[in-house]
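Welcome, and please take a moment with the sequence and the model.

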Amino acid sequence: MKGEEGDVAQSGYTAIIVAAGRGERAGGSTPKQLRVLAGKPVLAWSAERFARDAACRQLIIVTAPELADSVTSCLQTLSVEAMLVNGGATRGASVRAGLDAATEDRVLIHDAARPLLSATLIDRLLAGLEHADGAAPALPVADALVSLSDTVTPVDRTPLRRVQTPQAFHTQVLRRAFGQSGWDAFPDEVSLARTHGLDVVLVEGEERNFKLTWPDDFARAEALINRTGPMAMTITGQGYDVHRLAPGDGLMLCGIRIDCPLRLVGHSDADAGLHALTDAVLGAAGAGDIGQHFPPSDPQWAGASSDRFLLHALKLADEAGVTPLHADITLICERPKIGPNRDAMRARIAELLGLELQRVNIKATTTEGLGFTGRGEGLAAQAVFTGRLEPRDG
């Protein structure tokens, strides 16, 4: 998974996404986790959310064997590989299969049909695990309830909560609960855990994190993703970076390695393209600049891969309610040649941002022999990042 970031707890977690069902109530011939939602499969939305979180050290997708090829195909935009595990005939069997493959001390179990998971909710769940065996997001019941078991009898909704996923646990504790008899009769991990006396805390859930169950739910989710009007706006950030060139055996630029007789001089890997883009994302998030988060005076960033900086900025942007829409990068240099590497650069940045390829543009220019770039002494990069700023529930 991703490298550690400075503000991430040293202990990571395994994310298990349950995606073995058919979702027949949602309609259509395609399983709902593979249906396209706002340009990408439903499953990819939550998988990419976990993949961008530096604390997520392992991503497991539990799926039906006959869906494995389709799941692999829909996850090709991820910047990390996910482990595919064959699911069972029930949700409990699928979760247990994923749990058996988990390697981290903490585990977050999530339904593939909840695509609008936020980084903020993940953080709340991990905080809940600091003092409990498990944690789950929950929301109050707003509508009036009645029971039809005998006559139409009103039900007091005050003590009731709607429990969502992800549901978070200490891995070994949950494994012990699954080791008890009758585990497959429980609808979710919270009910299983509480039956076996585990302490599970409820944290604040999010209305956006609803489950796609009925046909109309897809239109609702698409409207939330593409929300426009007075409650949402497009926002931009811009970034600029410069690094010296020196003799070497290759350099990193826009997330890829270019083999050439040059290197970029810097405290990290000196990827000027990703540094400029990181500053642009931080600008859109109103979160300062790259030097504040990763100061060159800090030895832990010596030689660090710059994709870590970008992923950190994207997490801050997500917390600020900014969703990536587009990135445009201009590289200013006489050398190395950008043209032969442009497609690979675009693909890597699209991967990191979770965008379609056509939403990433890379341009190259020279200064006609003028200045430090014209003399081949260094390389400069400019970046513009565009995102959608919208309020976040919860």
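**A valine, some rings and a helix pair**

V62 has a relative accessible area of 0%, so this residue is buried. Keep in mind that the model is predicted.

**Around V62**
- You will find V62 in strand β4, which covers residues 56–63.
- Leaving aside residues up to four places away in sequence, V62 touches I16, I17, V18, A19, A20, V85, N86, G87, S94 and G98.
- V95 is 33 residues from V62 in sequence, and the two lie 7.5 Å apart in space, C-alpha to C-alpha.

**Aromatic rings**
- The structure holds 5 aromatic pairs.
- In the pair of W301 and F309, the ring centres are 5.9 Å apart and the planes meet at 85°; angles over 60 degrees count as edge-to-face, so this pair is edge-to-face.
- Both W301 and F309 are buried.
- One aromatic cluster is formed by F294, W301 and F309.

**Helices α10 and α11**
- Helix α10 (residues 307–319) packs with helix α11 (residues 342–353) at an angle of about 40°, and their axes are 10 Å apart.
- Because of that angle, α10 is oblique to α11.
- The crossing of α10 past α11 is right-handed.

Technical notes:
Residues are numbered from 1 along each chain as its sequence is written. This is a predicted model: local features need pLDDT of at least 70, side-chain atom pairs count only at pLDDT 80 or more; totals for chains, interfaces and linings use all residues. Side-chain values use heavy atoms; hydrogens and water are left out. Axes are lines fitted to C-alpha atoms, for helices over the stretch in contact, and angles run from 0 to 180 degrees between N-to-C directions. Helices (H or I, at least four residues) and strands (E, at least two) are DSSP runs, numbered from the N terminus. Angles under 35 degrees count as roughly parallel, over 145 as roughly antiparallel, 65 to 115 as roughly perpendicular and the rest as oblique. A crossing is left-handed if the near helix is turned anticlockwise from the far one by less than a right angle, and right-handed if clockwise. Rings of Phe, Tyr and Trp (its six-membered ring) pair if their centres lie within 6.5 Å; planes under 30 degrees apart count as stacked, over 60 as edge-to-face and the rest as tilted. Buried means under 20% relative accessible area, exposed over 50%, partly exposed in between (1.4 Å probe, protein chains only). Contact means heavy atoms within 4.5 Å.
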